[in-house]
Amino acid sequence: MANLKITYKDNVYEYNAGISLLDISKDFKENYKKDIIVATVDNRLTSLEKKINKDSVVDFFDVTNILGRRTYIRGLCFLFVKAVKEVLKCDVKIMYFIEKGIYCELLTNNLISEVTIEKIKIKMRELKEANLPINKLMVSRIEAIDYFSKTNQKDKASSLRYISNSTISLYRLDDSLDYFYGILPCKTGYINNFNLKYIGENKVILLPPISYLEDEKLRIDKNEKSLNEINVQAKYLENIKINYSSDLNKLISTGEFGDVIRMSENIQNSQLLNIADNISKNKDIKLVLLTGAVASGKYTTSKKLVSYLKWKGYEPILISMNDFYLDLKDRLLSDDESLHLNKIDAYDTNLFNKKISELLDGKEVILPKYNFEDGKQQFKEENKVRFMSNGIIVVEGVHAFNEQLTEMIPEKNKYKIYISPITPLNIDNHNLFKETDNRLLRKIVLENKKGGKSASETLKTWEQVRQKEEEFIIPYQKQADCIFNSSLVYELGVLKTYAEPLLFSVLENDINYDNAQRLINIFRVILGIPSEEVPGDSIIREFIGQSCYKKD
């Protein structure tokens, strides 16, 4: 007799206690484009193997949803790690999410080839076809540390020493035990679409499905500048011996974080100074364009670059694209005004082209200043500028690379800088800090400080923000003359002290609860760093406050 009430999409269904989410999901599979891979129970992400014994609100997700996609990617990574260990008897370091793929290094002293990669792909397909169970096991943290120490996985053992949980969840696939931050699929059969591309020097890009394309269509047009910057940062971390969060935690726990802050800031400043030096060597450059996704640090970077260009003998004019928003009455608004502001049609591109052209022609120009309270552009004498003989224009904004903005300016006169917080610091070899999470945490802190927004409000719109970025910002990355890394190795420790309390405000009945918990779990492996020693010109100050660069 049915004695369990399950609410799904506001409808109530009755089942016998002890039924699994997998069995329940079969009744609703027609509502989904692809196979259901994961569920939520009372807003908490849960594996399909879980049995339900109390009345609950459930929902299901396939790979077309971000929750399903994250679950798929974690399962794909486990499958890949398992296949590499069987084929090469070595481990994998998952380094960075790039170009819709996952940049990885095979940790072997032997030089691999395309033939080796094909063997790994074949093994992955065999594991998928076997439809092996991926079982979740709860063990004590001490037992897990002991296991990973004995199996020579010191990266995981060291990471677990800095969390306070008494128990943790491991995942078993055949004879392999591993640790992942998040839910995995309950069987390998769900991982039915992937590809693997060899890019040399024992580095590969693991490709999950984007729009559920066939395997042979999962291709990547690799961005050499991005790959080079990732490798530069990885080498830098190796040189300072901070490859994993546990390395950073050791320095924090012994009070040496001040040295890490100063060293990180100096390295980043020197990279920006090198960019200014490269610009100064090309006298054709009149217009420097800086762009990047939301919360990448465009404003502070542009301010610092202007200072370095002055040191190189220029008279820079700094322009923010935000001052070229169309008057509110002239804009076609979407449901969310903040999302609409990320579209190119929210800007007065004709006026932008006109003003830039007049400046380059030597005319005196009054630049607009956008008043967000009135929703209007303002033109005041105090904003009058003239392009000098040693002048250069620096433009920052999310659409700075969009040709509509500068179509009247010859390409030889432009220099394009793409800003991205590239964070190749790993939790361990199989878990990394994602650039998108880095930016999300920055945004949560900034929006709370600036406008009093709750973490839940920021989380609610984040996926829509990401979709707009993928459509309007990320594709322009390949046009960049250089990529500037705006991340700092210590910043998650500082962000923790600001963002973690905000994340704890997201309650269990909130639809964003699981995402908040996911970010809290990331913070569990990072010790907090006080912000007192963070300099006023740091990019992090743009988000946590007390920046020496004051916005008007």
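Which backbone oxygen does the side chain of Thr 497 reach at 2.7 Å? It is the backbone oxygen of Val 494. This report describes a predicted model, in which local features need pLDDT of at least 70, side-chain atom pairs count only at pLDDT 80 or more, and totals for chains, interfaces and linings use all residues. Residues are numbered from 1 along each chain as its sequence is written, and side-chain values use heavy atoms, with hydrogens and water left out.

Thr 497 is placed in helix H15; helices (H or I, at least four residues) and strands (E, at least two) are DSSP runs numbered from the N terminus. At 38% relative accessibility, Thr 497 is partly exposed. The accessibility classes are buried (under 20% relative accessible area), exposed (over 50%) and partly exposed (in between), with a 1.4 Å probe and protein chains only. Leaving aside neighbours within four places in sequence, Thr 497 is in contact with Gly 528 and Ile 529, where contact means heavy atoms within 4.5 Å.

Phe 523 is one of the buried residues of helix H16.

**Buried polar and charged side chains**

His 430 lies in the loop between strand S21 (426-428) and strand S22 (431-432). With a relative accessible area of 4%, His 430 is buried. Residues that His 430 touches, not counting those up to four places away in sequence, include Val 81, Lys 85, Asp 91 and Phe 180.

Lys 414 belongs to strand S20 (residues 414-420) and is likewise buried, with a relative accessible area of 6%. Lys 414 and Lys 286 are 128 residues apart in sequence, yet 6.3 Å apart in space, C-alpha to C-alpha. Beyond four places in sequence, Lys 414 touches Leu 287, Leu 289, Glu 403, Thr 406, Ile 409 and Asp 481.

The table gives side-chain polar contacts of these two residues; a polar contact is a pair of N or O atoms within 3.5 Å, of which, within protein, one must be able to donate a hydrogen and the other to accept it, and residues adjacent in sequence count only if both atoms are side-chain atoms.

| Residue | Partner | Distance |
|---|---|---|
| His 430 | Lys 156 | 2.9 Å |
| His 430 | Asp 178 | 2.8 Å |
| Lys 414 | Glu 403 | 3.1 Å |
| Lys 414 | Glu 411 | 2.9 Å |

Ser 159 is found in helix H5 (residues 154-160). Ser 159 is buried, at a relative accessible area of 2%. Its contacts, apart from neighbours within four places in sequence, are Tyr 181, Ser 245, Ser 246, Ile 427 and Val 525.

**Cavities**

A search of the whole structure finds 4 cavities of 30 Å³ or more. On a 1 Å grid over the protein atoms alone, a cavity is a set of points where a 1.4 Å probe fits but cannot get out, and lining residues have an atom within 4 Å of a point. The largest cavity has a volume of about 140 Å³, a volume being the space filled by probe spheres set on the points, which are joined across faces, edges and corners. Of the 15 residues that line this cavity, Gln 233, Tyr 236, Ser 487, Leu 488 and Val 489 are the closest to its centre. Helix H6 (224-239) and helix H8 (257-280) each supply at least two lining residues, and the largest share, 4 residues, comes from H8.

**Cysteines and backbone angles**

The count of disulfides (pairs of cysteine sulfur atoms within 2.5 Å) comes to 0. The sulfur of Cys 77 is 6.3 Å from the closest cysteine sulfur, in Cys 104, and is therefore too far for a bond. Cys 77 is buried, at 5% relative accessibility, whereas Cys 548 is partly exposed, with a relative accessible area of 45%.

Most residues other than glycine have a negative phi. Lys 9, in the loop between strand S1 (4-8) and strand S2 (11-15), has a positive phi near 55 degrees. Asn 152 also has a positive phi, of about 60 degrees. Asn 152 lies in the loop between helix H4 (141-150) and H5 and is exposed, with a relative accessible area of 58%.

Definitions and conventions:
1 Å grid on protein atoms, 1.4 Å probe; cavity = no way out; pocket = protein on both sides within 12 Å on 5 of 7 lines; lining within 4 Å.
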